[in-house]
Amino acid sequence: MADVMLMNEIESRAAEAGIDLSLVDLNSIQLPPGENFGIISDDEDVYQEEQLDFETGFGNIIVVDNLPVVPREKFEKLEGVIRKIYGQIGVIKDDGIWMPVDPDTQKTLGYCFIEYNTPQEAELAKEKTNGYKLDRSHIFAVNMFDDFDKFMRVPNEWAPPEFRPYVPGENLQHWLTDEKARDQFVIRAGSDTEVFWNDARQLKPDPVYKRAYWTESFVQWSPLGTYLATVHRQGAAVWGGASTFNRLMRYAHPQVKLIDFSPGEKYLVTYSSHEPSNPRDANRIVINVFDVRTGKVMRDFRGSADEFAIGGTGGVAGVSWPIFRWGGGKDDKYFAKIGKNMISVYETETFSLVDKKSLKVENVMDFSWSPTDPILALFVPELAGGNQPARVSLVQIPSKEELRQKNLFSVSDCKMYWQSNGDYLAVKVDRYTKSKRTTYTGFELFRIKERDIPIEVLELDNKNDKIIAFAWEPKGHRFAVIHGDSPRPDVSFYSMRTSHNTGRVSKLTTLKGKQANALFWSPSGHYILLAGLKGFNGQLEFYNVDELETMATTEHFMATDIEWDPTGRYVATSVTSVHHEMENGFNIWSFNGKLLYRILKDHFFQFLWRPRPPSFLSPEKEEEIANNLKKYSKKYEAEDQDVSLQLSEQDREKRRMLKDEWDKWVNEWKRLHEEEKLERQKLRDGEASDEEEEYEAKEIEVEELLDVSEEVLSFEFGQE
């Protein structure tokens, strides 16, 4: 919403101008930012397009009709009201507002012209204010200046429109049709951003697209892999296509710092903060929610850091990002943020609060959505003095009905972990001992899909062990925990099922003394990578959870980041220059720990696999394929054999080339030897033979007297 002080000033100026604002809801105006702070875009294409718009036509001018008709003494006041409203949407040029005056009455004519810096700002102003009710008698009618010329050129007689053949748009999922079933990834190193195929069979990356200065801070794939987003000072942009990565849409948001897609890729959330002129004031936060396809601002949020419950858990400048968290699965139906004593839940049909009011929860500290269902998990800490216990609640949206609640006592901290299918919720609870000097950890395990949502309590064998990491198996029923003290903690695996697939959590195994501080499950489950990052110098252990056995133990020295590809076939480990200046680059491994290839890059910043959308196959079809895998695998085994033979042939060809180079070098020296034969014959006093056997080697010792000298020595003998 517009700034309160700004609205007060508008009301003041309107009163001075004689305009009745008593029935006007100024807070209903949605005014997104439009200025670019005088910074020219680093995207040359963008800059050239805007320059072209500046030089031709009047696309950056709007006409605002149905304004109050006021005398000249109130002209300045009315202009101030208009400038305040339209100046928030974009940058108005100097002397960019003109209100024509009737020469007879010396009153305004009830309309004005407003000239913006860019056509995009003018279009946005028309969209945001056309039909806005200033008061009972004055409802804005806003048109583009160029539209009047278009209206004047409408012919008097109707003619059928020109037939245009259908031209299909670019296939944004073309990359999924790769015949080799390869996956893509994007990297950033130096000023370059590059997209590659992971050609594991050829043991190398296959270039797709490269561009310098493509982004000013970072890139980000959309959750389903359709778009690649870039960040600029003027806003964000998304790109896609077969291999050219054309720009599909731009989102104006000056000084944007962070972005976030909704799970179904329908919406893009952008964030910026602006330092106040007074150091005692809080930073001003601006958040826009864009429609990804149209670029339209669906809702904007403005306020101070306190209003958005800014914490210190990550993001930029202490922002706990994302501020808005999406729920309701892939339908992008709800998003929510935490506030003081409340959770504000919005629905995307109207982008307003569910039931027009926030969910009141006293002292709420954290919340998270189920990945698949419109269910909120809320954590409320314990009140000082122990008068009210801490609790975790499950709340159904939109009914706001509480499905389950669990009270917790002596709680110092609490974290929530959803399983990817939304079947289970693990709540890690740190509790104080009776002495209040130390803490111990336990888990509350919610079975979401079972009747009445039963809860199990899990404590480790040594409940005083420190919990270093926790991770659910994707789409599965198992989870892993790293616990104990560094440098060699233990890793335990648990299952939410017994051997009969019913009831109670059970421990599968514990691996003692592992150099690991992070857990990375394969997206398909079954396998996990136990990693020792940063301080553990990149220790890696590839573990088969089905067989409870280690497949490989290796290392990527100084590794800082790890990411599985979306199919679970390959793993990327990388060393970024943010943490280390040496050995920057990435390694690609097979799922069982075989190093496939290594790429070194100076000033390496980012590695991201391109996500894949969910499979269209039914669970029954996937099970059928799994049962008949040998039949399907024959084709790929033959292809792998062909590639192996091709690689072997490439090695043989390389050896042949080396041998040919050697033979060429030897023949060249033989030719030179033959050409110099006469010269050698002269040096041997006419002897023609070059064969060493025809010579008889003799060793002759010669003594030569070089010099003779004589020297007289004198000696003196003393007495004892």
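Which residues does Thr560 touch, not counting residues up to four places away in sequence? Select Thr560 and display its contacts (heavy atoms within 4.5 Å): they are Leu533, Lys534, Ser574, Val575, Thr576, His579 and His580. Before going further, note that this is a predicted model, in which local features need pLDDT of at least 70 and side-chain atom pairs count only at pLDDT 80 or more, whereas totals for chains, interfaces and linings use all residues. Residues are numbered from 1 along each chain as its sequence is written, and side-chain values use heavy atoms, with hydrogens and water left out.

Thr560 itself sits in the loop between β38 (549-555) and β39 (561-564); helices (H or I, at least four residues) and strands (E, at least two) are DSSP runs, numbered from the N terminus. The residue is buried, at a relative accessible area of 5%, where buried stands for under 20%, exposed for over 50% and partly exposed for the range in between (1.4 Å probe, protein chains only). Among its contacts, Thr576 places its backbone nitrogen 3.2 Å from a polar atom of the Thr560 side chain.

Next, select Ile62, which is among the residues with the most contacts inside the largest nonpolar core, a set of 24 residues. Such a core consists of buried Ala, Val, Leu, Ile, Met, Phe, Trp, Tyr and Cys residues joined through side-chain atoms within 4.5 Å. At least two core residues come from each of β1 (61-65), α3 (75-87), β2 (92-98), β3 (111-116), α4 and β6 (141-144), and α3 gives the most, with 5 residues. Beyond four places in sequence, the residues that Ile62 touches include Tyr86, Ile114, Tyr116, Ala122, Ala125 and Val142. A second, separate core has 18 residues, including Leu394, Met416, Ile448 and Ile455.

Stay with helix α4 (residues 119-129), where Pro119, Glu121, Ala122, Leu124, Ala125 and Thr129 are buried.

For the salt bridges (a side-chain nitrogen of Lys or Arg within 4 Å of a carboxyl oxygen of Asp or Glu), of which the structure holds 35, select Asp183 and Arg569, whose side chains meet at 2.9 Å, N to O. Because Asp183 lies in the loop between α5 and β7 (184-189) and Arg569 in the loop between β39 and β40 (570-575), the pair ties together parts that are 386 residues apart in sequence. Asp183 is buried, with a relative accessible area of 1%, whereas Arg569 counts as partly exposed at 30%.

Now select Glu216 and Arg233, which form a salt bridge whose closest N and O atoms are 3.0 Å apart. Glu216 is in the loop between β9 (204-212) and β10 (219-221), and Arg233 in the loop between β11 (228-232) and β12 (235-240), 17 residues apart. Glu216, at 31% relative accessibility, counts as partly exposed, and Arg233 is partly exposed at 30%.

The last pair to select is Arg598 with Glu583, where the closest N and O atoms of the salt bridge are 2.6 Å apart. Arg598 belongs to strand β42 (residues 595-600), while Glu583 lies in the loop between β40 and β41 (585-590).

Key:
A polar contact is a pair of N or O atoms within 3.5 Å; within protein, one must be able to donate a hydrogen and the other to accept it, and residues adjacent in sequence count only if both atoms are side-chain atoms.
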